[in-house]
Amino acid sequence: MKVIVIGAGVIGVTSALALRREGHDVTILDREGVAAGASQGNAGAFAFPGVIPVATPGIVLKAPKWLLDPLGPLSIPPRYALKLAPWLVRFWRASWRDRFEPTVAAHGSLMAHSSRALEALVQRYGLESHLHREGQIDVYDSERTYRESLPFWDLAASHGVEHERLEGRNALLDRQAGLAAHFEYGVFTPSWLNVYDPKIWVQTLADLFVQQGGKIEIASVEALRTDQDEAVVQANGTEHRCDRVVLAAGAFSHRLAKTLGDHIPLETERGYNTTLPQGAFDLTTFLTFADHGFVVGRSGPGIRVGGAVELGGLELPANMKRADALLQKAKKFLPDLDTSGGRQWMGFRPSTPDCKPVISISPSSPSVIYAFGHGHLGLTQSVGTSELVADLVLGRTPSIDLAPFAADRFSKIF
Ligand SMILES: Cc1cc2nc3c(=O)[nH]c(=O)nc-3n(C[C@H](O)[C@H](O)[C@H](O)COP(=O)(O)OP(=O)(O)OC[C@H]3O[C@@H](n4cnc5c(N)ncnc54)[C@H](O)[C@@H]3O)c2cc1C
């Protein structure tokens, strides 16, 4: 079968590799090259314990406080607020308990599938040296916020998330030395993994794909259509015909889905970080500062500090003051952190309002498969997604229920 994959981010490359492994004629088209988008500079976490979505019950009560701080964990540039409103309404609806709990179950199933698929991939291609298996701690500011999180941990545990509660400063310091004096509570998740460097990870998979006969071409895709049984991809003014298209263009995917007639409410949660050189801090596990929406993890030989969410669309310029603010906060929380010599970055998380990816055949065309919208979890869910994409391309029954990830689920808001 001839397949074109649009997008050489982690989702497109892993999907292309899975399809090529099954013997198909696969070409990736990307307008810039391998790992040019969000997959390049993310925090590098295979965050398998992260089954609780951002849209949690009560989030709308917390959000106004966060929004008051212009450089806080959540921001909405006033110029973008009106455009964002319909997405926000859907996000708020997704946080109601009747939708939140099925979302947790859907993530539980996709995470378990993705974790198994990653381990098989690592074994198949000998990739263990790319991984840190050091777990992660959610660190809480106070006993109050720690206790408020516990029902969510209980819910995560009911979906197989193993975790250890760290109560008291010594329990926390046994896992990570150097935390500021006020930290006394945390939750450790041993099944959390990290890649050495997310860009190197995707490039390694892309190299494997090419070694196995896959092709990668630089081309900017403008539109999709179908012509009887064939899919037609228009890129740089040229038409490419194939049997199946996989659309994995990250935060830009909805624009191409629209050319087919599908309207997917995809926005971007822009995230910022700073990568510090080797020796910046002695990190023994990945840290999530749960009350502040940012993380500190190893990246390459250095340390990457960042996160936060800016709902600012794809066109507004980056505001690197956000990366500065996160770094200053990290210095308060890890007093020994050397904040000098950092490199700043902003990336576009591709985000649906219900915090679930779209892994689905297009409602408008059986030849087009959608694989985008993974939000905060694109690296984490990439290998599982690639196997599901291969199932959809080949017409097999997917190994997990894909109804929660269907492209037509957005037709009903309430
Ligand atoms: C600060 C930050 C930290 C994060 N940390 C983590 C983490 O620790 N763990 C995790 O799991 N996730 C994390 N994420 C999320 C993760 O990075 C994304 O979910 C993931 O990279 C999305 O991958 P993708 O392949 O869908 O998109 P992308 O990596 O953005 O790739 C899309 C590709 O499509 C191409 N493209 C777009 N439009 C076109 C077109 N018209 N024609 C041709 N090519 C096109 C682009 O050039 C790009 O290469 C983080 C994100 C950010 C911003």
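Which residues in the largest nonpolar core touch the most other members? In this predicted model, that core has 117 residues, and those that touch the most other members are Ile6, Val13, Val246, Leu247, Ala371 and Val389. Helix H5, which spans residues 97-125, gives the most to this core, with eight residues, and the core draws at least three residues from each of domain 1 (2-40 + 199-264 + 355-411) and domain 2 (52-92 + 130-193 + 266-350). As background, nonpolar side chains tend to be buried together in soluble globular proteins.

We can turn next to the ligand, which is surrounded by 43 residues, the closest being Gly9, Gly37, Gly250, Gly271 and Gly378. Sorted by class, this shell has 20 nonpolar, 19 polar and four charged residues. Among the elements that each supply at least two residues of the shell are helix H1 (10-21), strand S2 (25-30) and strand S15 (267-276). Because domain 1 and domain 2 both give residues to the shell around the ligand, the ligand lies between them.

A last stop is Lys412, which is found in the segment after helix H11 (382-394). Is Lys412 buried or exposed? Lys412 counts as exposed, because it has 8 C-beta neighbours inside 10 Å, and a residue is called exposed if that number is 12 or fewer. Between Lys412 and Pro102 there are 310 residues of separation in sequence, while their C-alpha atoms are 16 Å apart in space.

Terms used:
Residues are numbered from 1 along each chain as its sequence is written. This is a predicted model: local features need pLDDT of at least 70, side-chain atom pairs count only at pLDDT 80 or more; totals for chains, interfaces and linings use all residues. A nonpolar core is a set of buried Ala, Val, Leu, Ile, Met, Phe, Trp, Tyr and Cys residues joined through C-beta atoms within 7 Å. A residue is buried if 20 or more other C-beta atoms lie within 10 Å of its own, exposed if 12 or fewer, and partly exposed in between; C-beta atoms are placed from the backbone. Helices (H or I, at least four residues) and strands (E, at least two) are DSSP runs, numbered from the N terminus. Domain bounds come from an automatic or database domain assignment. A residue is near a molecule or strand if its C-beta atom, placed from the backbone, lies within 6 Å of it. Ala, Val, Leu, Ile, Met, Phe, Trp, Tyr, Cys and Pro count as nonpolar, Asp, Glu, Lys and Arg as charged, and the others, Gly among them, as polar.
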